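Visitor: Could you walk me through this one, piece by piece?

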Amino acid sequence: MNLLRGEQFDPCLLSSIQEDLLIMKILRIHDPNDRYKIDARQLLHVVESTMHCISPKFSDPQSNYMNSWNVEVFGLEEKLGYTIKKISHEILCKCHENGDLHEETMMLVETLGPFRWDAKVVLTLAAVVSIYGEFWLITQLVHCNSLAALTAKLKQMPKELNMITIQLKALNLLIDTMIEAANLVLDFEGLPLQQQLLDDDTIVVTKSKMYITVYWILRSSISCAYQIADFGTLKDNQVHSNSTTIAAWTLFSLVYKLSGLCNDLKEKLRTCQMQIGRKFPEKIRNLFKMSHFDNQEVLRVLFSLKNDLPLKDSSLEKYYGIQELENKVVILLISKPELFTSEKIFYLVQRMHDHPLHKEIEGSYAILWVPIPYSQAWSLTDEMNFQFLSNSLPWFSIRQPWSLHSSVVNFIRQEWSYKDEPVMVVLSTDGVVTNLNAVDIIWLWGAKAFPFSTSKEKELWEQENRILELLIDGIDPLLTNLVEEGKHFCIYGSDNISWIKELNDTFKKIKNAGIQLEAVYVGYRNPSKDAENILDISIEDNLSVSLSTTKMKLFWLRLESIKNSVARVEQAAHYSSSLQKVLRLLDACETSNDWMIIGKGLSTDEMILKGREVQECLNLVLGMTEHVVKLGLFSAIRGAMGSPLPVKPCYHNEILPAEEGLLSEETVVCSRCNRPVEKFIVYQCNVTETAEEKQEAKID
């Protein structure tokens, strides 16, 4: 006798051998198509939300997943709705055939053969709940909508639901148990690296239990559909008969069977999770100790174990697999779901996406946003922030960051020192971490810092020789113009109103004396509302370039980034004069509330002053107006600061090459006394005598 066919087959009384035979038959039918990709978790949330509308006893998952209604499907030759409708139709047809329930279940398994296990159960649940939802929608509108009333009459639906209360209660309980079982199937299917991290015995036993659970979910779905279809055949004199009670108890028996399977699968799943929890962290750590041909294995383990299309590109409104990042330098932007403040977000877009070099290197690197909330659980606010920003930013983001494995999140926090402040971890094209935090070099140099490694950071400091330009790059077009036009200007900061007023008086005198010196007030670290009042004073009579408080914050952001970057490469300061200047600037900002840096656009010379030095320097400028006009502002200041005596020409002799001496617009400062020197042009004739002339000279 074939135990898998006919009425004599009773799955409720399966022996272990019979269960193994059933599993073998199910596995022979199971033939998943890798092209069919359905977001089973999202579809299951739609099912749960539908049941919540039918019965408030069901939990509503909408608060946990903002994107529940957008079920993503890839590879199917037909729309998802048509697939669900086709399954619904097949189930309803079986309800009217009065055939063997086991055989009908196996036929449904065969229909679902091309789908993965999680998709099988969720598609079947969606089909049944759509039938049940249609039934409830009509019955709720039947007394207030003529169309619903006529449709109910055509379908021969019961007039009063209180006549079938016990059956509805059994249906709701069974569907609730089926959803619970489906969630367990999805949880097991979502476990990372099962074959690598689970013991052989554990994975075999758990999968066997999952196969049986899938079978009973499908079998229960057919029973639910049969019960719903049977409502239309009941006569008024039958609603309280034994047949309705027997039908309800049939559903309750399925609840009992599925509940037992759920308990067993939960236990097996807990064992799997414990094994993976022990082994997965070590797997991740070892992954970064190994050499790889590309970055695909690293990215797959981190982000693509639960989802074949984990990347979201809002600019193109598409989803991608990790293959999109192959052969690219990947910047992992790790932050809380709210990312940066709005001004920092716009500035980051400017530094990277809008940078002049972006088009040249955009195919060589990619930014991937990995949001991680402060707590382990995602709140509704976290999800709203993520959805809004991920739909607005011009780079990749993790499509479902809440599904990241806890071991991955813990690795990021522990190994990459993520402490809820944004970091940018850089992975090379072969998956090697080349920079644990590239935030600072990206603020400072933007796309110019490609490939954003620590070695590139040192290289940039070796090449950097314009500190003034580095301080203001990208903050405001007016400041950029000051640099490009080669004007003399100073940047100053202070929170002392009286000091700023005194400084402004000096600026006014300098301007009236005909000396060109643009002044830019940049506020102070962490400016408050008082900064706006100080700003009004600093720009009085157009004596200073006006910066908004937002742009002031960007200046201090750059200065903070300079500080952090210099701290990492300070050991290289002995061969970089620019680093020495930066250290002096940082010292001035740290040790004094009043400071200034003076320089000239496109020039490598800057002067850093703090405290009383600022006013003394400007007073010296006022006292040597003629020399400023003659020698140039910066050379005159350097000469004056080098000697407290009245500025006089230097009498040391120094011969400079013609090119350097003639092309310099300013008088060169003496290397010995630091005073400006006067220029004289010396001509040297090189006479070459011919052989005949030399012979004539000897005869004479």
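Visitor: Which residues of H2 are buried?

Guide: First, a heads-up: this is a predicted model, where local features need pLDDT of at least 70, side-chain atom pairs count only at pLDDT 80 or more, and totals for chains, interfaces and linings use all residues. Residues are numbered from 1 along each chain as its sequence is written, and side-chain values use heavy atoms, leaving out hydrogens and water. Buried means under 20% relative accessible area, with a 1.4 Å probe and protein chains only. The buried residues of H2 are Ala40, Gln42, Leu43, Leu44, His45, Val46, Val47, Glu48, Ser49, Met51 and Ile54.

Visitor: How far apart are the end C-alpha atoms of helix H2?

Guide: Helices are DSSP runs of H or I with at least four residues, and strands are runs of E with at least two. The expected span is 1.5 Å times one less than the number of residues. Helix H2 (residues 40–54) has 15 residues and should span 21 Å, so the model agrees: the end C-alpha atoms are 21 Å apart.

Visitor: Is Ile17 buried or exposed?

Guide: Ile17 sits in helix H1 (residues 16–29). Exposed means over 50% relative accessible area, and partly exposed is in between. Ile17 has 62% relative accessibility, so Ile17 counts as exposed.

Visitor: In S13, which residue is the bridge partner of Ile597?

Guide: Strands pair if DSSP finds at least two bridges between them. Strand S12 (residues 595–600) runs antiparallel to S13, and five bridges join them. Four of the five residues of S13 (residues 606–610) are buried. The partner of Ile597 there is Ile608.
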